[in-house]
Amino acid sequence: MTDKSQRNEKLRREQQLQQVRERADKLLDELVKRDPLLALARSQRRAAQERPNEIATSVLTLLREQLKR
Amino acid sequence: MSFATRLSGEINRLISENFSYLGAGEVQSLTRLARLVIQKQKMVTDTYSGLVLAGFGEKQFFPVLQSYKVGGVFEGHLKYVLEETLRVNVDHPAVIKPFAQSVTVEAFLYGVNPQLYLDFAKAVLETVLGLPDEIIDGFPGVGRKRKEAYRATVANVATDAAADLVEQFQDLLKARHYEPVLASIAHLPKNELAHVASTLVNLSSFQKRVSMIEDETVGGPVDVAVITKGDGFIWVDRKHYFKPEFNTHFFRNRQATLPAPAPGDTE
């Protein structure tokens, strides 16, 4: 197998894996609608991954302080 | 006049005072953000608190629970969102609802940590959906077009099998863990219910205490109350900032301030 064909084969497999992941995500979306525990786990995961937006928090705090005066 | 228009000058002044290093485009986005964090339903993480109301309405025979997200007061208006209403009724004779750091209680209820279950479901779906590709790729002497045709043929079978596997696991969790626990809760006496609630909180506390990767954010004495239609709100366990045995006068004084029972009142 030449370098070029090896590269092509690697690329093809990566694309294939990506497609599998996308199909799995789509299927998970469907399962989440029917399974409350999966829905709960996913919303918890998303909340944990959602980094607190520091700028938004700062603006909010400043506005609150200003509105209190 | 809208909130944003009324306060646009104020918002711009605060932004220029506190974020003077930002460019014009960023300031514009920030102004929009300042409006959205107040006006939109979504609350910025770490800026809200939870409030749970539970009990009986005057005409209700079964308890109801409502949980709210509260995000502060803006110009005299409380920003809040009703997150969930849970009702006990003939079809749903019991509910267990953990709040805040709920993972340990959920793991007890369902027999599996929800995050582990999510990772397991993802891994099963990716493995089962990817398996046909691995097998078909390994066929010797078969051309690419033919392999693609095989893939198309088995794609739906793999999808059904993957979904079926996760759903079977889900059914097992319900049948072996969640439903038996709920069924017993529905029939427990009041003192046992209080014991269940405090044990679940203590379980979370213990789990965090022995974990190397989590902070001890649940712990200390647990206050427990039982609310029933007949007895109302009853403390089963309540902590004081002092030791009751050293301060008996506190309880005597409090008793003295209670109104005397009216003549004819019976226990």
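The model is a predicted one, and every value below is computed from it.

The size of an interface is often given as the accessible area lost when the parts come together. Between chain A and chain B the buried area comes to about 3,900 Å², and carbon and sulfur atoms give 65% of that area. Chain A brings 34 residues to the contact, while chain B brings 51 residues.

Polar and charged groups also meet here. There are 15 residue pairs in polar contact between chain A and chain B, counted where both residues have pLDDT 80 or more. Five salt bridges are found across the interface of the two chains, and one that can be looked up in the model joins A:R13 to B:E134, with the closest N and O atoms 3.1 Å apart. On the side of chain A that touches chain B, at least two residues come from each of the helices α1 (3-34), α2 (36-49) and α3 (54-68), and α1(A) gives the most, with 12 residues. Sorted by kind, the residues on this side of chain A are 17 nonpolar, six polar and 11 charged.

An α-helix has 3.6 residues a turn, so residues three or four places apart point the same way.

B:D137 belongs to helix α4 of chain B, and B:D137 counts as buried because its relative accessible area is 17%, which is under 20%. Beyond the residues up to four places away in sequence, B:D137 touches A:R12, A:R13 and A:Q16 from chain A, together with B:K147 and B:R151 from chain B. The second residue, B:Q170, lies in helix α5 (residues 144-185) of chain B. B:Q170 is buried too, because its relative accessible area of 7% is under 20%. Apart from neighbours within four places in sequence, B:Q170 is in contact with A:R34 and A:D35 of chain A and with B:Y117 of chain B.

Notes. Residues numbered from 1 in each chain as written. Chains lettered and ligands numbered in written order. Predicted model: local features only at pLDDT ≥ 70, side-chain atom pairs only at ≥ 80, totals over all residues. Heavy atoms only, no water. Contact = heavy atoms within 4.5 Å. Buried area = accessible area lost by both parts, 1.4 Å probe. Salt bridge = Lys/Arg side-chain N within 4 Å of Asp/Glu carboxyl O. Polar contact = N/O pair within 3.5 Å; in protein donor to acceptor, adjacent residues only side chain to side chain. Helix = DSSP H or I, 4+ residues; strand = E, 2+ residues; numbered from the N terminus. Nonpolar A, V, L, I, M, F, W, Y, C, P; charged D, E, K, R; others polar. Buried < 20%, exposed > 50% of the residue type's maximum accessible area, 1.4 Å probe, protein only.
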